[in-house]
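Subject: Structure handover

Hello,

Here is the structure I promised to pass on. Please open it alongside this email.

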Amino acid sequence: MMIQTSVTEEAMSNNAAEPLPTSTRAWSLVSRPEGRPTTDDVALQVLALPDLQDGQILVENEYLSVDPYMRGRMSDKKSYMPPFDVGAPMDGPAIGRVLASRSDDFAVGDHVFHVLGWREHAVLDADTAFPVDPDAAPLPAYLGVLGIPGLTAYVGIERFAEISGGETVYVSGAAGAVGSVAGQIAKIRGAERVIGSAGSDEKVRELVEVFGFDAAFNYKTAPIADQLAELAPDGVDVVFDNVGGEAMEAGIGALRVHARFVLAGMLSQYNDEAVVGPRNLWHLSITRSRILAFMVSEEMDLRDRFLREASGWIAEGTLRHRETIREGFDGMFDAFLAMMRGENTGKMVVRV
């Protein structure tokens, strides 16, 4: 459905030659989902764009991100991020072009990363945006391998997995935006063997042939613990878990002595009201292993080093990336649902 709201009469910038948009469309949450979200839980809303103030920029969004954590924000249960407000626009990572600027930091035509996604245009404080260079990398990459997913993978491997060389690493959800990067960085840092799990035979093939995993398996074809034991009969030193549930339990059961279990996400349980915990936590005591959880927003001191290293790895072909790009703003929520069903390889991005 379409919700109509009032719009301002005029929004003009001193450094823009043509009239600027005075309103924009945005996806809003209209009800909190129970279980899997449906199109009844959201609506397209027409919003007024506020007048540009000193220190602000007006951005026309070109690429928008859909991510698993957004499902958690649609609920109001306690989490690591505040919930979306019912009746208000949702937000998330976006890449756009500056249409007007009242900031010395950005000029008209610059491309920026910001977090007022789920809409076609955004007015935001310039100090909340980051410049991106379309000549250095394709713009969608700044939402994936060079964005928050890539940084999450980098932080998890670099700061928490403590790869020193020779380790066996298991990555669940390995064909996704975070997992595909985490496995490659583990190899770059010296892991001897990296194993991934994914939800189709095609993704399993790509993990090995495109992303350089040493082995991979389809978690839908047999129990995860059995398949992991076959590929890593002596256990693993590091688990990088994006999934939770059965994958988490299998990973804990495969840990060697003094192993590290890096908890990056729980995709399998984002639609569940009750989180199902692993039944084998005692194995952590037996192996003297550690579960390590982190929030990437608290590890931003690594961002500049990550961008420098990741850009170099991409340029030399060491770090490969994929984006699954859906076309059209009207289909953004469908793209979100497709991502939650695992229909993407690498990062799911919407081209406005």
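This is a predicted model: local features need pLDDT of at least 70, side-chain atom pairs count only at pLDDT 80 or more; totals for chains, interfaces and linings use all residues.

Helix packing

Start with helix 2, residues 148-161, and helix 3, residues 179-188. Their axes lie 8 Å apart, and the packing angle is about 40 degrees. An angle under 35 degrees would count as roughly parallel, and one of 65 to 115 as roughly perpendicular. Helix 2 and helix 3 are therefore oblique to each other. Their crossing is right-handed. On the helix 2 side, the contact is made by G150, A153, Y154 and I157. Helix 3 contributes V181, A182, I185 and A186. By class, this contact has 7 nonpolar residues and 1 polar residue, with no charged ones.

Now take helix 5, residues 224-231, and helix 6, residues 245-253. Here the axes are 9 Å apart, again with an angle of about 40 degrees. Helix 5 and helix 6 are therefore oblique to each other. Helix 5 passes helix 6 in a right-handed crossing. I224, A225 and L228 of helix 5 meet E246, A247, A250 and G251 of helix 6. The residues in this contact divide into 5 nonpolar, 1 polar and 1 charged.

Aromatic pairs

How many aromatic pairs are there? The count comes to 10. One of them joins Y170 and F217: the ring centres are 6.0 Å apart and the planes are at 15 degrees, so the pair is stacked. The cut-off for stacking is planes under 30 degrees apart. The two residues sit in distant parts of the chain, 47 residues apart. Y170 belongs to strand 9 (residues 168-171), and F217 to strand 11 (residues 215-218). Are Y170 and F217 buried or exposed? Both are buried.

There is also a cluster. Ring pairs link W27, W118, F329, F333 and F336.

Single residues

W118 lies in the loop between strand 6 (111-114) and strand 7 (121-125). Its relative accessible area is 0%, so W118 is buried. As noted, W118 is also part of the ring cluster.

E162 has a positive phi as well, near 55 degrees, and is a residue other than glycine. Where is E162 placed? E162 is in the loop between helix 2 and strand 9. With a relative accessibility of 40%, E162 counts as partly exposed. That class runs between the cut-offs of 20% for buried and 50% for exposed.

Last, A310. This residue is found in helix 8, residues 303-316. A310 is buried, with a relative accessible area of 0%. Leaving aside neighbours within four places in sequence, A310 is in contact with L146 and L319. A310 and L151 are 159 residues apart along the chain, and their C-alpha atoms are separated by 9.1 Å.

That is the list. Over to you.

Best wishes

Methods. Residues are numbered from 1 along each chain as its sequence is written. Side-chain values use heavy atoms; hydrogens and water are left out. Axes are lines fitted to C-alpha atoms, for helices over the stretch in contact, and angles run from 0 to 180 degrees between N-to-C directions. Helices (H or I, at least four residues) and strands (E, at least two) are DSSP runs, numbered from the N terminus. Angles under 35 degrees count as roughly parallel, over 145 as roughly antiparallel, 65 to 115 as roughly perpendicular and the rest as oblique. A crossing is left-handed if the near helix is turned anticlockwise from the far one by less than a right angle, and right-handed if clockwise. Contact means heavy atoms within 4.5 Å. Ala, Val, Leu, Ile, Met, Phe, Trp, Tyr, Cys and Pro count as nonpolar, Asp, Glu, Lys and Arg as charged, and the others, Gly among them, as polar. Rings of Phe, Tyr and Trp (its six-membered ring) pair if their centres lie within 6.5 Å; planes under 30 degrees apart count as stacked, over 60 as edge-to-face and the rest as tilted. Buried means under 20% relative accessible area, exposed over 50%, partly exposed in between (1.4 Å probe, protein chains only).
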